[in-house]
Amino acid sequence: MKREKPLNLEKKLIRNFLTIRYNPIINSKNLASWKDFCFKTSDPTGKISEGILLNSIKNSIHDDNKPIAISLSSGIDSSLSLALLRKSFPKRKIIAICGVFDNGFDESKKAKKIAETFSAEFNVLNMGSMFTNMPEIISITQRPRWNTYTHLIAKEAKKKTNFLVTGDGADELFGGYVFRYQKFQHLITKKDNWLEKTKKYLECHNRDWVPDQTSLFGKQIKFDWNKIYNYFKPYFQNSLDPLSQIMLADFNGKLLFDFIPTSKSIATYYNIKSVSIFLDPTLVNFALKLPINQKYNEKTIKGKLVLRKISKRLGIKHIEEKKGFSPSLLFDWKQNGKTIAESFLLNRKSQIYKKNLINYDWIVKAFHMVESDGDIRYLNRLISILALEIWIKIFINHDLNPKTKL
């Protein structure tokens with residue numbers, strides 16, 4: 001397949017990647033409108049959604065004897081995907097791969113039991129250090145991004161099959177970000193206009209930026225929060241209830257311009273077909289229009305209520321809390337990342353300073369913030385800026401081999 005052209009050093013794109021983690025394309029044909037979230041469907045038992053999901057499997061995976069790999073955590077999305085795969089293909093070989101990070105939350109024991117329940121071969125994959133492999137990670141997506149370590153799941157899957165099933169889209173369609181909904185509802189007031197709601201929505205994504213965001217950039221990037229806020233105006237200036245507005249923003253944000261493009265880039269790189277049964281167009285159109293009370297329960301603070309109904313019927317014993325494959329950032333930073341980041345980011349000859357993209361004094365402050373109290377927000381920004389420097393060296397200056405281990 002033809003690879004997408006890498007980004008150039010367009011300042012707007014760098015500003016967006018370092019502030020909201022993706023670059024929104026405001027005229028994308030795939031954007032949902034607020035009208036798409038108006039309640040027009042209902043599925044209190046989950047039986048309609050289950051039928052559509054089974055059709056999604058039928059439409060996207062050929063019924064043959066070739067094995068299917070699945071990225072399996074112990075959460076509801078991947079567990080349900082596995083159960084429905086087994087229901088669709090009673091005798092087919094299914095290979096479940098669970099990623100584990102050193103000192104991170106280990107889902108493998110629970111995931112193994114789920115795999116056994118649905119007769120899947122189970123594999124634990126040690127994900128290694130995110131920092132030492134960052135050139136390879138960045139070269140795969142051709143973006144200044146670091147949180148794409150799930151490529152290792154695809155790499156492992158490719159050894160045994162050409163199909164990899166993921167749970168992408170379930171959170172955005174069925175209401176999985178309960179921590180965000182709860183915080184947003186706590187922050188907003190009835191009098192808030194779109195701008196106030198946008199600011200409070202971004203506060204629910206505050207690991208993507210820092211309080212002194214305007215000081216982060218160099219002279220070549222004139223940062224203006226209002227330009228960021230305007231991306232979200234269509235999502236909060238409409239007649240939807242606040243929870244539907246936040247779901248609209250989630251769907252049109254990280255799902256469309258972060259998760260989906262990342263999955264496509266990884267699949268292209270490894271020449272593997274990556275399938276999320278939740279992204280079937282029929283299911284998307286149906287799920288967007290489900291009422292809020294079939295997605296999220298404010299009293300119990302539980303989401304994905306429709307998927308829970310299906311899971312219960314199928315006998316799935318998933319974990320309640322949303323985890324997924326996530327590294328222990330501070331642990332990896334102390335073990336590997338700090339030394340690597342210092343060699344790039346405390347070197348005044350680095351490209352981010354030569355091109356006046358990043359403020360060196362802010363970098364020094366950020367290192368201190370992480371060192372003194374483990375500030376995760378500043379750590380996230382340092383890692384993102386490290387990714388930018390490595391990306392420039394690979395794709396702009398061409399003086400760093402993507403296969404280099406740091």
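Mentor: A residue is called buried under 20% relative accessible area, exposed over 50% and partly exposed in between (1.4 Å probe, protein chains only). This is a predicted model, in which local features need pLDDT of at least 70 and side-chain atom pairs count only at pLDDT 80 or more, while totals for chains, interfaces and linings use all residues. Residues are numbered from 1 along each chain as its sequence is written, and side-chain values use heavy atoms, with hydrogens and water left out.

Trainee: Is Gly 104 buried, exposed or partly exposed?

Mentor: Gly 104 sits in the loop between strand 2 and helix 4 (108-117); helices (H or I, at least four residues) and strands (E, at least two) are DSSP runs numbered from the N terminus. Its relative accessible area is 22%. Because that value lies between the two cut-offs, Gly 104 is partly exposed.

Trainee: How far apart in space are the C-alpha atoms of Gly 104 and Phe 259?

Mentor: In sequence, Gly 104 and Phe 259 are 155 residues apart. From C-alpha to C-alpha, the distance is 21 Å.

Trainee: What is the phi of Asn 271, roughly?

Mentor: Asn 271 belongs to the loop between helix 13 (242-270) and strand 5 (273-276). With 56% relative accessibility, Asn 271 is exposed. Its phi is positive although the residue is not glycine, with a value near 55 degrees.

Trainee: Is His 398 buried or exposed?

Mentor: His 398 lies in the segment after helix 19 (376-396). Its phi is positive, about 60 degrees, and the residue is not a glycine. The relative accessibility is 60%, and therefore His 398 counts as exposed.

Trainee: How are helix 5 and helix 13 oriented to one another?

Mentor: The axes of helix 5 (residues 134-141) and helix 13 come within 8 Å and cross at roughly 100 degrees. Axes here are lines fitted to C-alpha atoms, for helices over the stretch in contact, and angles between N-to-C directions run from 0 to 180 degrees. Under 35 degrees counts as roughly parallel, over 145 as roughly antiparallel, 65 to 115 as roughly perpendicular and the rest as oblique. Helix 5 is therefore, relative to helix 13, roughly perpendicular.

Trainee: Which residues of helix 13 does helix 5 meet?

Mentor: Contact means heavy atoms within 4.5 Å. From helix 5, the residues taking part are Glu 136, Ile 140 and Thr 141. Their partners in helix 13 are Thr 262, Ser 265, Ile 266, Tyr 269 and Tyr 270.

Trainee: How many nonpolar residues does the contact of helix 5 with helix 13 have?

Mentor: Ala, Val, Leu, Ile, Met, Phe, Trp, Tyr, Cys and Pro count as nonpolar, Asp, Glu, Lys and Arg as charged, and the others, Gly among them, as polar. By these classes, the contact of helix 5 with helix 13 has three polar residues and one charged residue. The nonpolar residues number four.

Trainee: How far in space is Met 134 from Thr 404, C-alpha to C-alpha?

Mentor: Met 134 is in helix 5 and is buried, with a relative accessible area of 0%. Apart from residues up to four places away in sequence, Met 134 touches Trp 146, Ile 383, Leu 386, Ala 387, Ile 390 and Leu 406. Met 134 and Thr 404 are 270 residues apart in sequence, yet their C-alpha distance is 8.7 Å.

Trainee: How many residues of helix 6 are buried?

Mentor: Helix 6 (residues 151-158) is mostly covered. The buried residues are His 151, Leu 152, Ile 153, Ala 154, Glu 156 and Ala 157. Their cover includes strand 1 (68-71), strand 3 (121-126), helix 5 and helix 13. Of the eight residues in helix 6, the buried ones number six.

Trainee: How many residues are in the largest nonpolar core?

Mentor: A nonpolar core is a set of buried Ala, Val, Leu, Ile, Met, Phe, Trp, Tyr and Cys residues joined through side-chain atoms within 4.5 Å. In the largest one, Phe 232, Phe 278, Leu 345 and Ile 358 have the most contacts. The residue count of this core is 132.

Trainee: How many disulfides does the structure hold?

Mentor: A disulfide is a pair of cysteine sulfur atoms within 2.5 Å. Cys 98 is buried at 0% relative accessible area, and Cys 204 is buried at 12%. The number of disulfides is zero.
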